[in-house]
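Dear colleague,

Please find below the sequence and the structure that I am handing over to you.

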Amino acid sequence: MAQKYLFDFSLGVVNRTGAYMIVRDVLDQMPQFFSDVRFWRLLQRDPPDGLARKLLARAMMWEMRLLGDAEQLQWPEGRAEPGRRRAFFDPLYVLRSKLDRDDIVQCHDVGPVSHPELFPKPVVRLYRMAYEKIRRVGPGMVLISDTTRREFSALFGENYRFMQVIPQYVRLGVLQGDTDPAPGVSGRFLLTVGALERRKNYARVMEAYARSGLRERGVSYVFCGARGLDSDAIIAQARATPGVHYTGYVSENQLRWLYKNAEGFVLPSLLEGFGLPTLEAAARGLVSVVSQGGVQEESTDGGAVLVDPLSVESIADGMVRLVDMPAAERQALLDRVQAYARKLNYESFIECWRMLLERNDRFPDSDGWGASVLARRALS
């Protein structure tokens, strides 16, 4: 009989992006592996919604900020739960729980440690505490890309029950369905879809667009996404930059319209865990400008315009190249990234998790089958 886990879905209290939907799929498709579901301190099967979710999110974030600022605070280890394992879908939430070597922790990226300048100081401190707890205990680790696995190992070593790469997948909801025009958008444009956070590199992208001369050629720059760190500054810069348009919230229908009508996708991020937006763009026929030498180059299999994310000039050149790209070159890049994206499908993702959860009992303390063996097998 398969081992039952406590499914820690505290991520779902504050995150309703693609990452939330993908984690939800693990729970929905494999309920036989999970005895209980936990949202911070609330035990229930379905995610809280509406006012209940907002109140829980505020309480959770207030507690996290309070504890992150407390220099001498000792976090509780949580009560002992003999015979039950836990599956965490963000490293942060091990801090408010018992953590054993038999547990599983999924890690999207190590950004708060590798790029602390991109996050608020309390968040950086909390993640450092969480990663130290994980390093000390050595649970099974699930990483969402080979790049994240390498970065995690470089910072925290490899003394874990296993280290398994399970890549994410392109959500069909982005690809299928009706379309509605996005308000205020018309003509030719380049597109970015991503949270308004410093790590998405909006400031340099807008400066690069202003230098590129594309506005004078009738090509605008459009971006949409949820508000995040530095969103006020990002929106202010957009308003001050001719040719740049921030749409605010868009529906799934409007998002599909934006993908369908854009001339290309621009996301040379300073930090990504996997780079899913560029795969979604490729699935809709868009070539992307992305950062070279990291997870975005990995997730596109090199089928993109690669730029230096720290160089405004390099980003500007990449945007111009994207607009002027000959049809044959554009199709060659799309063929490359689309072939890779087809392997990252829903069925393979679920199969990777099912294989891991089943084998977790049979290989209770073995690293030999780690790395991305299961993912390679399921994706082949």
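Confidence. Please bear in mind that this is a predicted model. The mean pLDDT of the chain is 85, and 88% of the residues reach at least 70. Confidence is highest in helix 13 (residues 312–324), at 98, and lowest in helix 16 (residues 373–379), at a mean of 45. Two stretches call for caution. Over residues 72–80 the pLDDT stays under 50, and the model has 18 contacts there beyond four places in sequence. Residues 361–380 also stay under 50, with 51 contacts beyond four places in sequence.

An open sheet of seven strands runs in the order 3-2-1-4-5-6-7, with mixed pairing. Its edges are strand 3 (42–43) and strand 7 (163–165), each of which pairs on one side only. As background, the strands of a sheet pair through backbone hydrogen bonds, either parallel or antiparallel. Strand 4 is parallel to both of the partners described here: with strand 1 (residues 5–8) it pairs over four bridges, and strand 4 (residues 85–88) pairs with strand 5 (residues 104–107) over two bridges. Towards strand 5, A87 stands opposite I104, and F88 stands opposite V105.

Which way do the residues of strand 4 point? R85 and A87 point one way, while R86 and F88 point the other way; all are buried. In general, side chains in a regular strand alternate between the two faces of the sheet.

Helix 6. Helix 6 (residues 146–156) packs on the sheet and touches strand 5, strand 6 (140–143) and strand 7. The direction of helix 6 makes about 155 degrees with that of strand 7. The buried residues of helix 6 are D146, T147, T148, R149, F152, S153 and F156. Just after the helix, G157 adopts a positive phi of about 80 degrees.

Two aspartates. D103 lies in the loop between strand 4 and strand 5. Its relative accessible area is 0%, so D103 counts as buried. A polar atom of the D103 side chain lies 2.8 Å from the backbone nitrogen of D100. Beyond its neighbours within four places in sequence, D103 is in contact with R85, R86, F88, K98, P139, G140 and R161.

D109 is found in the loop between strand 5 and helix 4 (111–114). Because its relative accessibility is 16%, under the 20% cut-off, D109 also counts as buried. The side chain of D109 reaches the backbone nitrogen of G111 at 2.8 Å. Leaving aside neighbours within four places in sequence, D109 is in contact with Y131, T148, L271, E272 and G273; of these, T148 is one of the buried residues of helix 6. D109 and L143 are 34 residues apart in sequence, yet their C-alpha atoms are 7.9 Å apart in space.

Cysteines. How many disulfides does the structure hold? The structure holds zero disulfides. C224 is buried, since its relative accessible area is 2%, and C352 is buried as well, at 1% relative accessibility.

With kind regards

Notes: Residues are numbered from 1 along each chain as its sequence is written. Side-chain values use heavy atoms; hydrogens and water are left out. A disulfide is a pair of cysteine sulfur atoms within 2.5 Å. Buried means under 20% relative accessible area, exposed over 50%, partly exposed in between (1.4 Å probe, protein chains only). Two strands pair if DSSP finds at least two bridges between them. Contact means heavy atoms within 4.5 Å. Axes are lines fitted to C-alpha atoms, for helices over the stretch in contact, and angles run from 0 to 180 degrees between N-to-C directions. pLDDT is the predictor's confidence in each residue, from 0 to 100. A polar contact is a pair of N or O atoms within 3.5 Å; within protein, one must be able to donate a hydrogen and the other to accept it, and residues adjacent in sequence count only if both atoms are side-chain atoms.
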